[in-house]
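User: I would like to learn how to read the features of a protein model. Could you guide me through them in order?

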Amino acid sequence: PAGLCRTRRGVRASDPVGSFFAEVANLEAAAVTAFGQLARELRLHGAPGSLVQAALRSRRDEVRHARATARLARRYGGRPVRPRVASGAPRGLVEVVADNAVEGCIRETYGALVAHAQARQASDARVRRVLAGIAIDETRHAALSWSLAEWARARMSPAEQRRVAQGTGDALERMEAELTREHAPAVHAVAGLPRPDHALALYRRLAAQLRAAPA
């Protein structure tokens with residue numbers, strides 16, 4: 001969410017899998033705030049009730065995700081911390097749409113894809129079960145992002161649409177660079193996280209489709 005203090009991330013554990021899930025739990029908890037903020041802003045900007053309700057449902061999903069991933073973190077010796085989010089004024093529609101394009105249409109969509117892969121590849125059966133449920137929810141969250149983008153497009157000027165499209169293109173490039181990060185072997189095995197070469201292959205196929213989609 002806007003105002004997230006990224007310095008407070010999951011506490012490191014002796015087991016890298018615990019550290020990984022502690023960080024995931026921290027970000028899932030932050031997503032609770034993000035969807036609550038989005039629901040309020042959608043109401044403010046006159047969005048259809050279906051979008052507002054989808055954002056509130058997503059918020060409830062993230063509460064479950066944060067709890068489930070925190071349990072996985074503790075299973076491997078991690079100790080999640082609660083995220084700190086600074087309060088701020090509601091954002092304008094274009095700012096909401098630009099953020100949605102990056103965090104929703106790109107990151108949420110890719111995150112859903114990876115969660116489905118993890119649910120199949122994780123060596124820990126409990127991790128597979130948790131991620132199978134998260135993958136379904138995250139796919140629905142990604143669909144919300146694309147529905148929001150479609151609703152908002154007609155409410156923006158051509159210049160505003162170009163601004164959002166430019167930011168989306170830049171984010172696609174940045175995201176690819178992030179996927180070169182190699183985690184500890186145990187994280188890739190236990191959590192089923194794709195290794196960089198596999199992650200890049202997944203992302204490039206997805207990005208090609210995203211670039212072809214309307215801004």
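User: Which side chains meet in a salt bridge with an N to O distance of 2.7 Å?

Analyst: In this predicted model, the side chains of Glu41 and Arg91 meet in that salt bridge, at 2.7 Å from N to O. Glu41 belongs to helix α1 (residues 16-44), while Arg91 is in the loop between α2 (49-75) and α3.

User: How many salt bridges does the structure hold?

Analyst: The structure holds eleven salt bridges. One of them joins Arg140 to Asp61, with the closest N and O atoms 2.4 Å apart. Arg140 lies in helix α4 and Asp61 in helix α2, so this pair too links distant parts of the chain, 79 residues apart.

User: Is Asp61 buried or exposed, and why?

Analyst: Relative accessible area decides the matter: a residue under 20% counts as buried. Asp61 is buried because its relative accessible area is 3%. Arg140 has 25% relative accessibility and therefore counts as partly exposed.

User: Which residues are linked with Asp61 and Arg140 in a network of salt bridges?

Analyst: Arg64 and Asp137 are linked with Asp61 and Arg140 in that network.

User: Where do Glu176 and Arg204 lie, and how many residues separate them in sequence?

Analyst: Glu176 and Arg204 form a salt bridge whose closest N and O atoms are 2.9 Å apart. Glu176 is in helix α5 (residues 158-178) and Arg204 is in helix α7 (residues 196-212), so the bridge ties together parts separated by 28 residues in sequence. Glu176 is partly exposed, at a relative accessible area of 22%. Arg204 also counts as partly exposed, with 46% relative accessibility.

User: How should I read the packing of α3 and α4?

Analyst: Two packed helices are described by two quantities, the angle between their axes and the distance between those axes. Here, helix α3 (residues 93-121) and helix α4 (residues 125-153) pack at about 155°, and their axes are 8 Å apart. Because an angle over 145 degrees counts as roughly antiparallel, α3 is roughly antiparallel to α4. The crossing of these two helices is left-handed. Sorted by class, the contact of α3 with α4 has 16 nonpolar, eight polar and four charged residues.

User: What is the largest nonpolar core, and which elements contribute to it?

Analyst: In soluble globular proteins, nonpolar side chains tend to be buried together. In this model the largest nonpolar core has 33 residues. Phe21, Ile106, Tyr110, Leu179 and Tyr203 have the most contacts inside it. The elements giving two or more residues to this core are α1, α2, α3, α4, α5, α6 (185-190) and α7. Helix α7 provides the largest share, seven residues.

User: Where is Gly88 found, and is Gly88 buried or exposed?

Analyst: Gly88 is found in the loop between α2 and α3. With 66% relative accessibility, Gly88 counts as exposed. The C-alpha atoms of Gly88 and Ala66 are separated by 23 Å, and these residues are 22 apart along the chain.

User: What can be said of Ala86?

Analyst: Ala86 is placed in the loop between α2 and α3. Ala86 is partly exposed, with a relative accessible area of 44%. From C-alpha to C-alpha, Ala86 and Gln161 are 28 Å apart in space, and they are 75 residues apart in sequence.

Methods:
Residues numbered from 1 in each chain as written. Predicted model: local features only at pLDDT ≥ 70, side-chain atom pairs only at ≥ 80, totals over all residues. Heavy atoms only, no water. Axes fitted to C-alpha atoms, helices over the stretch in contact; angles between N-to-C directions. Helix = DSSP H or I, 4+ residues; strand = E, 2+ residues; numbered from the N terminus. Parallel < 35°, antiparallel > 145°, perpendicular 65-115°, else oblique. Left-handed = near helix turned anticlockwise from the far one by under 90°. Nonpolar A, V, L, I, M, F, W, Y, C, P; charged D, E, K, R; others polar. Salt bridge = Lys/Arg side-chain N within 4 Å of Asp/Glu carboxyl O. Buried < 20%, exposed > 50% of the residue type's maximum accessible area, 1.4 Å probe, protein only. Core = buried A, V, L, I, M, F, W, Y, C linked by side-chain atoms within 4.5 Å.
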